[in-house]
Amino acid sequence: MPSFTFQLNGEEVTLDAPADLPMLWALRDMLGVTGPKYGCGVGVCRACTSHLDGDAFQPCTTAVADCAGRTITTIEGLADGDQLHPVQQAWIDEDVAQCGFCQPGQIMAAVALLAANPNPTDADIDAIENVCRCGTYVRIRKAIKLASGALGVRS
Ligand code: FES
Ligand code: FES
């Protein structure tokens, strides 16, 4: 079986796996990284959203071979030790989560959005395609704006 090496949440990981194995399966079932959730498995719900080289991606539709030599960040790698990422803190401050299932993916999508666009409009935020069956979209919008301000103060 081929071997693939990549960075995962700040650590180098080497995995023996089929080249076409979806990275979500590798993360959850082989590496015990369960923050990225399995919703649809076909790139639609975006519950698995994580970062590949800093950009939002869906590991359910990305093969392990395509991640070799690259850097993956999941929700587990977002905080700096005990210091939450400003987006995570904003999520708490705005009490965003309901059932919580979609929320790791929502947060990772929000972090990627703010990295590309520090002051997103409502339309920019609404362009995030992550699905929330609990309908937390209004609070997500508030939290992203709160985090946008916090990140602005920081920079
Ligand atoms: S599990 Fe639905 S997009 Fe990945
Ligand atoms: S909080 Fe329940 S699906 Fe989003």
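1. Thr49 and Asn130 meet through their side chains in a polar contact of 3.3 Å. A polar contact here is a pair of N or O atoms within 3.5 Å; within protein, one must be able to donate a hydrogen and the other to accept it, and residues adjacent in sequence count only if both atoms are side-chain atoms. The Thr49 side chain also reaches the backbone oxygen of Arg46, at 2.7 Å.

2. On provenance: this is a predicted model, in which local features need pLDDT of at least 70, side-chain atom pairs count only at pLDDT 80 or more, and totals for chains, interfaces and linings use all residues. Side-chain values use heavy atoms, without hydrogens or water, residues are numbered from 1 along each chain as its sequence is written, and chains are lettered from A and ligands numbered from 1 in the order in which they are written.

3. Thr49 sits in the loop between helix H1 (23-30) and strand E3 (50-52). Helices (H or I, at least four residues) and strands (E, at least two) are DSSP runs, numbered from the N terminus. Thr49 counts as buried because its relative accessible area is 3%. Buried means under 20% relative accessible area, exposed over 50%, partly exposed in between (1.4 Å probe, protein chains only).

4. Leaving out residues up to four places away in sequence, Thr49 touches Ala56, Phe57, Gln58, Pro104, Gly105, Met108, Ala109 and Asn130. Contact means heavy atoms within 4.5 Å. Thr49 and Leu113 are 64 residues apart in sequence, and their C-alpha atoms are 12 Å apart.

5. Pro104 belongs to helix H3 (residues 103-116). Pro104 is classed as buried because its relative accessibility is 15%. Beyond its neighbours within four places in sequence, Pro104 contacts Gly35, Thr49 and Ile75. Its C-alpha lies 9.8 Å from that of Arg46, 58 residues apart along the chain.

6. Ser50 is in strand E3. Its relative accessibility is 0%, so Ser50 counts as buried. A polar atom of the Ser50 side chain is 3.1 Å from the backbone oxygen of Cys48. Contacts of Ser50 outside four places in sequence include Pro36, Asp55, Thr73 and Met108.

7. Strand E1 (residues 3-8) has two contrasting faces. Phe4, Phe6 and Leu8 form the covered one, while Ser3, Thr5 and Gln7 form the uncovered one. In a regular strand the side chains alternate between the two faces of the sheet.

8. E1 runs antiparallel to strand E2 (residues 11-16), joined by six bridges. Two strands pair if DSSP finds at least two bridges between them. Phe6 stands opposite Val13 in E2. The E1-E2 hairpin has two residues between the strands, and Asn9 takes a positive phi near 50 degrees. E1 also pairs with strand E5 (residues 71-73), in the parallel sense, over two bridges. There, Gln7 faces Thr71.

9. The largest nonpolar core has 17 residues, of which Leu78, Val87, Trp91, Ile107 and Ile144 touch the most other members. Helix H2 (86-93), H3 and helix H5 (137-154) are the elements that give two or more residues to this core. H3 gives the most, six residues. A nonpolar core is a set of buried Ala, Val, Leu, Ile, Met, Phe, Trp, Tyr and Cys residues joined through side-chain atoms within 4.5 Å.

10. Ile144 contacts Trp91, Ala110, Leu113, Leu114, Pro120, Ile125 and Ile128, leaving aside neighbours within four places in sequence. A second, separate core of 16 residues includes Leu15, Ala26, Cys67 and Ile72.
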